[in-house]
There are 2 protein chains.
Amino acid sequence: MSTLAITPDDITAAAARLAGVAHRTPVMTSRTADEMTGARLFFKCENFQRMGAFKFRGAYNALAQFTADQRRAGVIAFSSGNHAQAIALSARLLGMPSVLVMPQDSPAAKLAATRGYQQGQPGSEVVLYDRYTEDREAIGARLAAERGMTLIPPYDHPHVMAGQGTAAAELIEETGPLDLVLVCVGGGGLISGCAVAAHHLSPGIEVIGVEPEAGNDTQQSLAAGHIVHIETPKTIADGAQTQHSGRLTFPVIQQLVSRIVTVSDAQLVQAMRFFAERMKLVVEPTGCLGAAAALQSVVPVRGRRVGVIVSGGNVDLARYAALLAGPAPT
Amino acid sequence: MSTLAITPDDITAAAARLAGVAHRTPVMTSRTADEMTGARLFFKCENFQRMGAFKFRGAYNALAQFTADQRRAGVIAFSSGNHAQAIALSARLLGMPSVLVMPQDSPAAKLAATRGYQQGQPGSEVVLYDRYTEDREAIGARLAAERGMTLIPPYDHPHVMAGQGTAAAELIEETGPLDLVLVCVGGGGLISGCAVAAHHLSPGIEVIGVEPEAGNDTQQSLAAGHIVHIETPKTIADGAQTQHSGRLTFPVIQQLVSRIVTVSDAQLVQAMRFFAERMKLVVEPTGCLGAAAALQSVVPVRGRRVGVIVSGGNVDLARYAALLAGPAPT
């Protein structure tokens, strides 16, 4: 087994940094879900995490390891999603400036939320760019150079990966050994951290990744034996609209994830409705990936003890309402 | 202080009956809610209770005290709401037949849910009646006489009241003493039980009831000094569409509840959106009464430690989606 970017010790160290800062989110169960599937399902509810998603874990774990110089200059990130809010909040908690490079046409609610998390932290700002005419990486690199800020990527960073792994570690500490854990896959930060934690704490466990049907780059990469790059996929699972897994995350997935399955947007909506109707939980589309695979028998779960990482709950209310009420997307 | 229908000992006994059967529901907090209000708010999440509402507590506590003869004959109730499901589930758990008298035009989902909870329990059925031409009390009385079944009313019964009080007892056991607890008011079963528990466990606590603006019968009753009967109110808080409080619940409210406030349907929708957006919780309109009073400063909460009973999460998904998305009702 070649050397991976993170070890179980990195996750233990991340857990210590996050203690008292991140929420130890609840593990919820549902008799109905268990009856439907014949499994014992444990849902790790990261929709109750600070800023509404697991991303806080990785962001905070990374920023907490900045040197004094790095802290003074602050952090930069580009993201229109949960990573932006995770960085903004973590930076404020640690007293450092944050610059978030976000598309001009980001939903107003996301811009407002990110700015809200930056409040009271001098030097923090949101920098808007035109995603059709400007290159965000160039903007980020220029700002980083000008201001001496450290760039934290959304997934391909060992501190980010280790932070995300604490979600699976907490889950298994609470449930005891599991047969299987289902984890959504975007760039692979969550599943790589969780796979390292899960194999360490529950030897023999199977780790299966779940991607949206339209965005199965990691499934393709595993088949090809190298990272496959795809066009930005069209799926309601906006957190999994990544085009490729990371240089650091992919080798972990190759070694520790047994396979990747996919679910359709219609299956995501069914899972989202199940969460709302039966479990009273608001879960964003990406957060439904693991549950959809279990509830709709995409993965055989009967008779098994199965952990499901529910990655987040940040979804625009109007969009959420439309998905709950409307005809299922096809 | 005249003798009330229940004592703190009744609630302790109810808690023992419910141990391992009812969920000990989580108490959730929200930094955002605390920042908005300047209070420390503790939300007791009965939307996570079995069958999705606090009603399970009272129903089970009542049925668990049936004699052997009563169990054999079973239980009868009329309800189109959470009480029906609470009775159906409790009866099945205790192995007795249940008959639920429900309006012919009840939502299909509610009929299906009630029948689902009755499954596998011989002698159980849903009896439909025409609410425009038939008298449900007459139907209930006839069935009770014919079959020897015991009628359990939705709120005006000491065992039901004591069961509901366990919600506040668990809350305060977890949070320690509180300054105030906000409880929604329909027929008064929940608030009467909670008031007895709260004054016992947190001496000096203030208990405030919250009714929908359109259905303020208990507020009127407190002012009048006797039970006032109103027309069925028009409000989205269907669990609080009661026409009057009970003979047993009202004296408890008179003695232990300092006052009743009201909130509008628009305020309920705002609270419902807050729960979905910021706390990732699906809460039914009635369950939003207490939170609406706190979040919208209907009751002064600044600087106080405040318990809020979130009574349930059973709301038809299409209706829920419409309330989240649509213009606020006026």
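**Salt bridges, ring pairs and the A–B contact**

In chain B, R57(B) and E46(B) join their side chains in a salt bridge, with N and O 2.6 Å apart; the term covers a side-chain nitrogen of Lys or Arg within 4 Å of a carboxyl oxygen of Asp or Glu. R57(B) sits in helix α3 of chain B and E46(B) in the loop between β2 (40-45) and α3, so the pair links distant parts of the chain, 11 residues apart. Helices (H or I, at least four residues) and strands (E, at least two) are DSSP runs, numbered from the N terminus. Both R57(B) and E46(B) are buried, where buried is under 20% relative accessible area, exposed is over 50% and partly exposed is in between (1.4 Å probe, protein chains only).

All of this comes from a predicted model, in which local features need pLDDT of at least 70 and side-chain atom pairs count only at pLDDT 80 or more, while totals for chains, interfaces and linings use all residues. Residues are numbered from 1 along each chain as its sequence is written, chains are lettered from A and ligands numbered from 1 in the order in which they are written, and side-chain values use heavy atoms, with hydrogens and water left out.

Over all chains, the count comes to 22 salt bridges. One of them pairs R131(A) with D105(A) at 3.1 Å, N to O. R131(A) is in the loop between β5 (125-129) and α7 (136-147) of chain A, and D105(A) is in the loop between β4 (98-103) and α6 (108-118), so the bridge ties together parts that are 26 residues apart in sequence. R131(A) is partly exposed at 46% relative accessibility, and D105(A) is partly exposed at 38%. Another bridge joins K110(A) and D238(A), whose closest N and O atoms are 3.7 Å apart. Here K110(A) belongs to helix α6 and D238(A) to the loop between α10 (217-224) and α11 (249-256) of chain A, 128 residues apart. D238(A) is partly exposed, with a relative accessible area of 28%. There is also a network of salt bridges in chain A, linking K44(A), E46(A), R57(A) and E170(A).

Turning to the rings, the whole structure has four aromatic pairs over all chains. Rings of Phe, Tyr and Trp (its six-membered ring) pair if their centres lie within 6.5 Å, with planes under 30 degrees apart called stacked, over 60 edge-to-face and the rest tilted. F43(A) and F275(A) are edge-to-face because their planes stand at 80°, with the centres 5.6 Å apart. That pair ties strand β2 (residues 40-45) of chain A to helix α12 (residues 265-279), parts that are 232 residues apart in sequence. F43(A) is buried at 0% relative accessibility, and F275(A) is buried with a relative accessible area of 0%. In chain B, F56(B) and Y60(B) have ring centres 5.6 Å apart and planes at 40°, so they make a tilted pair. Both are buried.

As for the two chains, the contact (heavy atoms within 4.5 Å) takes 23 residues from chain A and 23 residues from chain B. They bury about 1,900 Å² between them, 64% of it on carbon and sulfur atoms; this is the accessible area (1.4 Å probe) lost on being put together, summed over both parts. On the chain A side, R31(A), K280(A) and L317(A) lose the most area to chain B, together 35% of what that side buries. Between chain A and chain B there are zero salt bridges.

Terms used:
Buried area is the accessible area (1.4 Å probe) that two parts lose on being put together, summed over both.
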